[in-house]
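This briefing is for a reader who is meeting the structure for the first time. Please look over the sequence and the model before reading on.

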Amino acid sequence: MRKGKRIISAVILVILVLLVELDVPNIALTENYIYEAPHQHQNLLVSGNRNIGYSIFGSEENDAPLVFILHGTGASRLSHPLWLAESWGLGLKYKIVLLDRPGYGLSDPVEDHSWYTACDDINAVADQLGSYNYGISGVSIGGTYALACATHPESSKRISGILAISPVAPPIMNTRYKHGGGLVNFAFFTAPLAPYMVKIVCWAARLRSFLVTSREAVFTDIQMLAPSERDGIVLRNMLFSAEDSLYNKVILPSYLESFRTSSRGLYRDVMLMSSYEWNFVKQLQDIAIDFIEVHHGSLDKTIYPGQGKYFCDLISTCQFKNITGEGHFSYYFKHNMYQERLTELSEITRRHNTM
């Protein structure tokens, strides 16, 4: 009897794992769920019939400097635009490119996923836009991908500067650097031992995104990342504000868009983050990029500030800024310093373009 139950459980597990790899039809977002102006939604077709999705806005000058922004886990190119547009409007003197990392949004996954995968996509988009040099900013694990690009054979020659916000560091145990809370700890400790369990969780997250889109459900999902009290206040105000535009035009679309084609982006982020494939870290001490800043909220309980400091301890030119009173999410939604540093990054890129 007990053996029969085990067999049934194993069959169910295999079916669920297989479902993760099935290509469920793309989500068709209505126009009401896409914030169009002032963004130009683009697609880039590269070798192997693979699409790279991105949004671009700002200066329309051909020689305007480029600044790429890499989103975090479970997000997309749609996670940033509204507050940027409201703060700066169409008066930017540079171009911001919001990239869908592989497996998210409009970007197809890459089978041989690594820390350099996003770097290759950035170079392809920069080439299409006619720019050699560019700056990169990344949020959460997007910050880690940005730092990895500093050691990429081609990207290291093209990057003018890097601004990483709350990057996640390697799973370094028994050191002064701590990990994070909620799903971050789940990734570090579960993924290496039970990768199929991670597949099931990622698949279930995608299924849930189709079925449940209420504000309460989205807030609950974000809470699983163990945000600080400060994050909770900011996110609750954003989700349950009387002003519906922020939720309808940014938060919900990005939540749905992250699972548009599959859950592979989320799954591969988790597996890569918890793996030992962090070879780029050893090369960080040798990079020759003058402008590198890592910002981390002092109240961040999703990815502890020690992880951001870990990278700056390795990079001689890196400046670490501990942002007092901010958490993991509240910093880049509310803090003016992020906007100011992006502008500085664009000016550095402009100077590189004239060299």
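Predicted model: local features only at pLDDT ≥ 70, side-chain atom pairs only at ≥ 80, totals over all residues.

Which residue forms a salt bridge with Glu111? The partner is Arg268, and the closest N and O atoms of the two are 3.4 Å apart.

**Confidence**

- The average pLDDT of the protein is 78, and 75% of the residues reach a score of at least 70.
- Residues 9-38 have a pLDDT below 50, and in the model this stretch has 46 contacts beyond near neighbours in sequence.
- Residues 173-177 also stay under 50 in pLDDT. For them the model has 8 contacts beyond four places in sequence.

- Strand β3 spans residues 66-70 and is mostly covered, with 5 of its 5 residues buried.
- Leu66, Phe68 and Leu70 point one way from β3, while Val67 and Ile69 point the other way. The residues on both sides are buried.
- One partner of β3 is strand β4 (residues 95-99), and the two pair in the parallel sense over 5 bridges. Within this pairing, Leu70 has Leu99 of β4 as its bridge partner.
- Another partner is strand β5 (residues 134-139), which also pairs with β3 in the parallel sense, over 4 bridges. Here the bridge partner of Phe68 is Ile136 of β5.

**Helix α4**

- The buried residues of α4 include Tyr145, Leu147 and Cys149. Gly142 and Gly143 are also among them.

- Ile292 is part of strand β7, which runs over residues 291-297.
- Is Ile292 buried or exposed? Ile292 counts as buried because its relative accessibility is 2%, and the limit for buried is under 20%.
- Leaving aside residues up to four places away in sequence, Ile292 touches Leu147, Ile162, Ile287, Ile315, Thr317, Cys318 and Gln319. One of these, Leu147, is a buried residue of helix α4.
- Ser160 is 132 residues from Ile292 along the chain, and the C-alpha atoms of the two are separated by 9.2 Å.

**Salt bridges**

- The count of salt bridges comes to 12.
- Glu111 counts as exposed at 66% relative accessibility, whereas Arg268 is buried with a relative accessible area of 16%.
- Arg230 and Glu326 also meet through their side chains in a salt bridge, at 3.2 Å from N to O. Arg230 belongs to helix α9 (residues 229-239) and Glu326 to the loop between β8 (318-323) and α13 (330-334), so this pair ties together parts that are 96 residues apart in sequence.
- Arg230 is partly exposed at 27% relative accessibility, and Glu326 is buried with a relative accessible area of 9%.
- Lys309 forms a salt bridge with Asp313, with the closest N and O atoms 3.1 Å apart. Both residues lie in helix α12 (residues 305-314), 4 residues apart, or about one turn of the helix.
- Lys309 is partly exposed, with a relative accessible area of 39%. Asp313 is partly exposed too, with a relative accessible area of 39%.
- Which residues are linked in a network of salt bridges? They are Arg77, Asp100, Glu257 and Arg260.

**Nonpolar surface patch**

- Leu207, Phe210 and Leu211 make a nonpolar surface patch of about 280 Å².
- Leu207 sits in helix α7 (residues 195-211) and counts as partly exposed, with 36% relative accessibility.

Methods
Residues numbered from 1 in each chain as written. Heavy atoms only, no water. Buried < 20%, exposed > 50% of the residue type's maximum accessible area, 1.4 Å probe, protein only. Pairing = 2+ DSSP bridges. pLDDT = per-residue confidence, 0-100. Contact = heavy atoms within 4.5 Å. Patch = residues over 30% accessible without salt bridge, like charges linked within 9 Å, V, L, I, M, F, W, Y side chains within 5 Å. Areas by Shrake-Rupley, 256 points an atom, 1.4 Å probe, with all protein chains shown as cover. Salt bridge = Lys/Arg side-chain N within 4 Å of Asp/Glu carboxyl O.
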